[in-house]
Amino acid sequence: MTLDEGLSPVGRETLHDRVYAQLRRSLINGMFDAGDFLRIVDLAEKLQTSTMPVREALRRLISEQALEALPNRTVRVPLITRERLDDLAHARTMIEGQMVALAMPHLTAKDFRILRQINSDCDRAFEDHSADVGYQTSELNQQFHFHIYHAARSQVLIPIVESLWLQSGPYIRTAAHIHDKQGGRAATNHHWALIDALERREQEAAVLALSNDISRSFDLIRGTLDANVAQTGEDARYG
């Protein structure tokens, strides 16, 4: 990615937290590719701040496994491997499926109107094909899911889900690239199925729709990794 994507200057109030929040949001929304190197000086220049808050933000993101520190003191977005892909897919399906089940009794007619509006906005964004469509659709996708998850009313599970999304950002970005090349059904298809199941209070169908939605992105990458292994005979990775 270029540093112009998804990043903007930050103000001086609580500078360390604001820098961290911007970088964290950009990672969650898939604004960085797996294998990207993040250079402190470049980030500080783009964010119009000193290197100290950037350095601290990167340290925090490394501790959250969203970034990795290499022996030469550089910081990198982790490469995509089959092992990490399968682990993240399993964890997200298991924990977010539980969030959907917990949220179901608390969702109201107003919530369903909001979810439908977000999904309609996302459909229109996909049809737009503008330069920043990836950022728009990622933001809307996050709004959609977390509107449901916050209805679960679990202060313990929300940070866990956020951590999983933080680690999944590069995977979602890669899956979007693959989908753009291959085509296929609309990315919001499973969202509509999830809304319908939640509104009918059908827990099994809702969890299945959520699982299909999560698996969709990971399956796109898994298929490409498997094809590369078949071609080269070596373990494949992105980045």
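Predicted model: local features only at pLDDT ≥ 70, side-chain atom pairs only at ≥ 80, totals over all residues.
Trainee: Which salt bridges does the side chain of Arg 116 form, and with which residues?

Mentor: The general idea comes before the case. Side chains of opposite charge can pair when their charged atoms come close. Here, the side chain of Arg 116 meets that of Asp 196 in a salt bridge, with 3.7 Å from N to O. Arg 116 sits in helix 5 (residues 109-128) and Asp 196 in helix 8 (residues 189-199), so this pair ties together parts that are 80 residues apart in sequence. Arg 116 also has a salt bridge with Glu 199, at 2.5 Å from N to O. That pair, too, links distant parts of the chain, with Arg 116 in helix 5 and Glu 199 in helix 8, 83 residues apart.

Trainee: And how exposed are Asp 196 and Glu 199?

Mentor: Asp 196 has a relative accessible area of 35%, so it is partly exposed. Glu 199 is partly exposed as well, at 37%.

Trainee: How many salt bridges does a search of the whole structure find?

Mentor: The search finds 14. Some are linked: Arg 82, Asp 86, Asp 219 and Arg 222 belong to a network of salt bridges.

Trainee: Where do Arg 222 and Asp 219 lie?

Mentor: Let's take the helix geometry before the residues. An α-helix has 3.6 residues a turn, so residues three or four places apart point the same way. In this model, Arg 222 and Asp 219 both belong to helix 9 (residues 203-232) and are three residues apart, about one turn of the helix. Their closest N and O atoms are 2.4 Å apart in the salt bridge. The two residues fall into separate accessibility classes: Arg 222 is buried at 17%, whereas Asp 219 is partly exposed at 43%.

Trainee: Which residues of helix 4 are buried?

Mentor: Among them are Leu 85, Leu 88, Ala 89, Ile 95, Met 99 and Val 100. The list also includes Arg 92 and Glu 96.

Trainee: Let's look at one residue in another helix. What does Thr 137 touch, beyond residues up to four places away in sequence?

Mentor: Thr 137, which lies in helix 6 (residues 133-150), touches Cys 122, Ala 125 and Phe 126. Thr 137 is buried, with a relative accessible area of 8%.

Trainee: Now the sheet. In what order do the strands of the open sheet lie?

Mentor: Strands of a sheet pair through backbone hydrogen bonds, either parallel or antiparallel. This open sheet has three strands in the order 1-3-2, with antiparallel pairing. Strand 1 (37-38) and strand 2 (68-69) are the edge strands, each pairing on one side only. Strand 2 and strand 3 (residues 75-76) run antiparallel and are joined by two bridges. Ala 69 has Val 75 of strand 3 as its bridge partner.

Trainee: Which loop holds Arg 73, and what is its phi?

Mentor: Arg 73 is in the loop between strand 2 and strand 3. Its phi is near 70°, a positive value in a residue other than glycine. Arg 73 is exposed, at 80% relative accessible area. Gln 48 gives you another case, with phi near 55°. Gln 48 lies in the loop between helix 2 (40-47) and helix 3 (51-63) and is exposed at 60%.

Trainee: To finish, how many helices and strands does the chain have?

Mentor: The secondary structure comes to nine helices and five strands, and the pattern along the sequence is α-β-α-α-β-β-β-α-α-α-α-α-α-β. Of the 239 residues, 46% are buried. Among contacts between residues at least 6 apart in sequence, 74% join residues at least 24 apart. As for the surface, the chain exposes about 12,500 Å², and carbon and sulfur atoms supply 50% of it.

How values were computed. Residues numbered from 1 in each chain as written. Heavy atoms only, no water. Pairing = 2+ DSSP bridges. Helix = DSSP H or I, 4+ residues; strand = E, 2+ residues; numbered from the N terminus. Salt bridge = Lys/Arg side-chain N within 4 Å of Asp/Glu carboxyl O. Buried < 20%, exposed > 50% of the residue type's maximum accessible area, 1.4 Å probe, protein only. Contact = heavy atoms within 4.5 Å. Areas by Shrake-Rupley, 256 points an atom, 1.4 Å probe, with all protein chains shown as cover.
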